[in-house]
Amino acid sequence: MSDWIEACAADDIDEEDVIRFDHAGRSFAIYRSPEDEFFATDGLCTHEQIHLSQGLVMGDIIECPKHNGRFNYKTGAARGAPVCVNLQTYPVKVDAGKVFIQLGN
Amino acid sequence: MVIIGAGECGTRAAFALREEGYDGSITLVGSEPHLPYERPPLSKEAMTSGEAPSIKAIADAARLAEHRIDLKGSTTVISIDRANRSVRLGDGSDLAYDKLLVATGSIPRKLPMSGLGARCVYLRTFDDALLIRQYLREDVRIAIVGGGFIGFELAASARKLGAEVTVVEAQPRILMRGVPEEIAAIVHETHVTEGVEIVCGDGIAAIEDDGNLVRIALSSGRTVVADLAIIGIGAVPVTALAETAGLALNNGISVDARLRTSDPHIFAAGDCCSFPLAVYGHRRVRLEAWRSAQEHGALAARNMLGAEEAHASVPWFWSDQYGLTLQIAGLPDEGERTVRRDLGDGAFILFHLKGDGRLVAASGIGPDNTVARDIRLAEMLIARSARPDLTALASTAVKLKSLLAA
Ligand SMILES: Cc1cc2nc3c(=O)[nH]c(=O)nc-3n(C[C@H](O)[C@H](O)[C@H](O)COP(=O)(O)OP(=O)(O)OC[C@H]3O[C@@H](n4cnc5c(N)ncnc54)[C@H](O)[C@@H]3O)c2cc1C
Ligand code: FES
């Protein structure tokens, strides 16, 4: 199991919003749901290599800013054309107001 | 179920039929030899990445097989027999249908004059893109006839590959159709900065193409000489099949809000049809837009299965040139007044409102996807016929999302 990586402060993300987090040459997207829970996925859309962090979060959906492809950011599931490949998700924990994500090996 | 046209719309319809639980046979008939593919990259990334364009397939053979979609490629439907509910294919065989979807798309409008030859080309298909790509390199002169989206996306790609580019537009300014002047001006400036020559307000008097060089004589007396002329003066819907079958036409195949033609067993969708747009009091429009083609495909599929669902979405369009992205939600020509919202980095959004304050369209331009989120939120406000507070629209201190909650 790899370590938890500190990504940002919980306050950096508005409710029902997303920010970009770059680490070790990779890009991730970190979400705060309307229920005030935190989630993380790969940062780039699986349709074209577009940063999802400029997209719109609605409920448990992140919509890609480029062509409006949709994913459920809690499960990574692709939820509408033109995307058909799921997003990788990562475990998240919040500790003392900071958000940590756990990257796979 | 039979679908004519394996483009963006027809392919989405085929998948949507399965997603909706339909278990019978689905035949997707398309003239082109390739797997169904996306057209938008043809003028953009596909042109500039690598030595030759590659296909961005909408679905590969495995996915088609998994969804039991029978793709008949390189196959053209030559007639529709409404009485017997069957279509005749190019090889003379017949294919029976319960419900038929016509998704034949559109093709480039031809320049109506003589003199065009092998060096005068159009861009619609992957094969067109392969041909054009061979010319895009340094020391090659490209003339683009028509200052529309495809022309300017190609101009950007051609510049990136080092070609010299001249764009000739007959109208007084570029992107006359559907793009507000303030935004067209940014596109214009950007192209000029990148070294494109743009000639506006000058028509084509004559074209001479000797197979090596194209000479374009302009009305002003000037001559533009090019190694390749790319004509991008709009598109016309592909309606011949429908017309011969006696289906009603009206700027494309005329369909109702459920995308049904004048024959209840036949639907039409995507670039080839005109339909009543509910957000604008059922104004009849024909769109040439990618997301709309997909939405149409999915809606037609549901209605072919008996859903009786009316079209409700707001048109949405994007274009990429250099590092800029332009996005438009709704049809700006519906607006009577404009409010501007500056997002920084030169990015801005114009909100187009009716005199009574109803938001009817929003158009934006900026680096990368800076305008995407606000355009998408504007689209939702338009769908709700919202009358947002004008100061809130103009001020980035107010999140557009908060207006949706109101
Ligand atoms: C170069 C280019 C760039 C574009 N960029 C953008 C963009 O940035 N943003 C945007 O929103 N839109 C863009 N578009 C528009 C978008 O691609 C179209 O709106 C969309 O493809 C329409 O889908 P369609 O399925 O209705 O038609 P099409 O994609 O044209 O598909 C129709 C298919 O039907 C086939 N067909 C026709 N007649 C028959 C027949 N009798 N039998 C069998 N098959 C037949 C055709 O061969 C074709 O493959 C672009 C288009 C082009 C060409
Ligand atoms: S890049 Fe995300 S939907 Fe196309």
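**Chain A**

I began with the secondary structure of chain A, which comes to 0 helices and 10 strands, and I noted that the model I am reading is a predicted one. Read along the sequence, the pattern that I wrote down for chain A is β-β-β-β-β-β-β-β-β-β. I then looked up the radius of gyration of chain A, which is 13 Å and close to the 13 Å that the globule rule gives for 105 residues, so chain A is as compact as a globular protein of that length. The C-alpha trace of chain A spans about 40 × 30 × 20 Å along its principal axes.

For burial, I find that 49% of the 105 residues of chain A count as buried, and that the accessible surface of this chain comes to about 4800 Å², with 44% of it belonging to carbon and sulfur atoms. Among the contacts in chain A with a separation of 6 or more, 41% are between residues 24 or more positions apart. Counting charges, I have 9 positive and 17 negative side chains in chain A, with the centres of the two sets lying 4 Å apart.

I also checked the backbone of chain A and found a cis peptide bond that joins Ala81(A) and Pro82(A), where omega is about 5 degrees. Pro82(A) lies in a loop, the one between strand 7 (70-72) and strand 8 (89-90) of chain A.

**Chain B**

Of the 406 residues of chain B, 54% count as buried, while the accessible surface of the chain comes to about 16300 Å², 49% of which belongs to carbon and sulfur atoms. Residues 24 or more positions apart make up 59% of the contacts in chain B with a separation of 6 or more. I list 43 positive and 51 negative side chains for chain B, and the centres of these two sets lie 4 Å apart.

Leaving aside its neighbours within four places in sequence, I find Val102(B) in contact with Ile4(B), Ile80(B), Ile253(B), Ile266(B), Phe267(B), Ala268(B), Ala269(B) and Cys272(B). I also looked up the pair Val102(B) and Thr239(B), which are 137 residues apart in sequence and 9.1 Å apart in space, C-alpha to C-alpha.

Ile382(B) lies in helix 9 (residues 372-383) of chain B and is likewise buried, with a relative accessible area of 2%. Beyond its neighbours within four places in sequence, the contacts that I noted for Ile382(B) are Val279(B), Val314(B), Ala329(B), Leu359(B), Val360(B), Ala361(B) and Ala362(B). Against Ala83(B), which is 299 residues away along the chain, the C-alpha separation of Ile382(B) is 42 Å.

**Positive phi in chain B**

Where in chain B does Leu259(B) lie? I found Leu259(B) in the loop between strand 18 (253-254) and strand 19 (266-268), with phi near 70 degrees, a positive value in a residue other than glycine. Leu259(B) is buried, at a relative accessible area of 0%.

Ser385(B) is another residue other than glycine with a positive phi, here near 55 degrees, and it lies in the loop between helix 9 and helix 10 (390-394) of chain B. Ser385(B) is partly exposed, with a relative accessible area of 33%.

**Contact between the chains**

Last, I looked at where the chains meet, a contact that takes 22 residues from chain A and 23 residues from chain B. The area buried between chain A and chain B is about 1800 Å², and carbon and sulfur atoms give 44% of that area.

Terms used:
Residues numbered from 1 in each chain as written. Chains lettered and ligands numbered in written order. Predicted model: local features only at pLDDT ≥ 70, side-chain atom pairs only at ≥ 80, totals over all residues. Heavy atoms only, no water. Buried < 20%, exposed > 50% of the residue type's maximum accessible area, 1.4 Å probe, protein only. Contact = heavy atoms within 4.5 Å. Areas by Shrake-Rupley, 256 points an atom, 1.4 Å probe, with all protein chains shown as cover. Lys, Arg positive; Asp, Glu negative; His and termini not counted. Charge placed at Lys NZ, Arg CZ, Asp CG, Glu CD. Buried area = accessible area lost by both parts, 1.4 Å probe. Helix = DSSP H or I, 4+ residues; strand = E, 2+ residues; numbered from the N terminus. Rg over C-alpha atoms; globule rule 2.2 N^0.38 Å.
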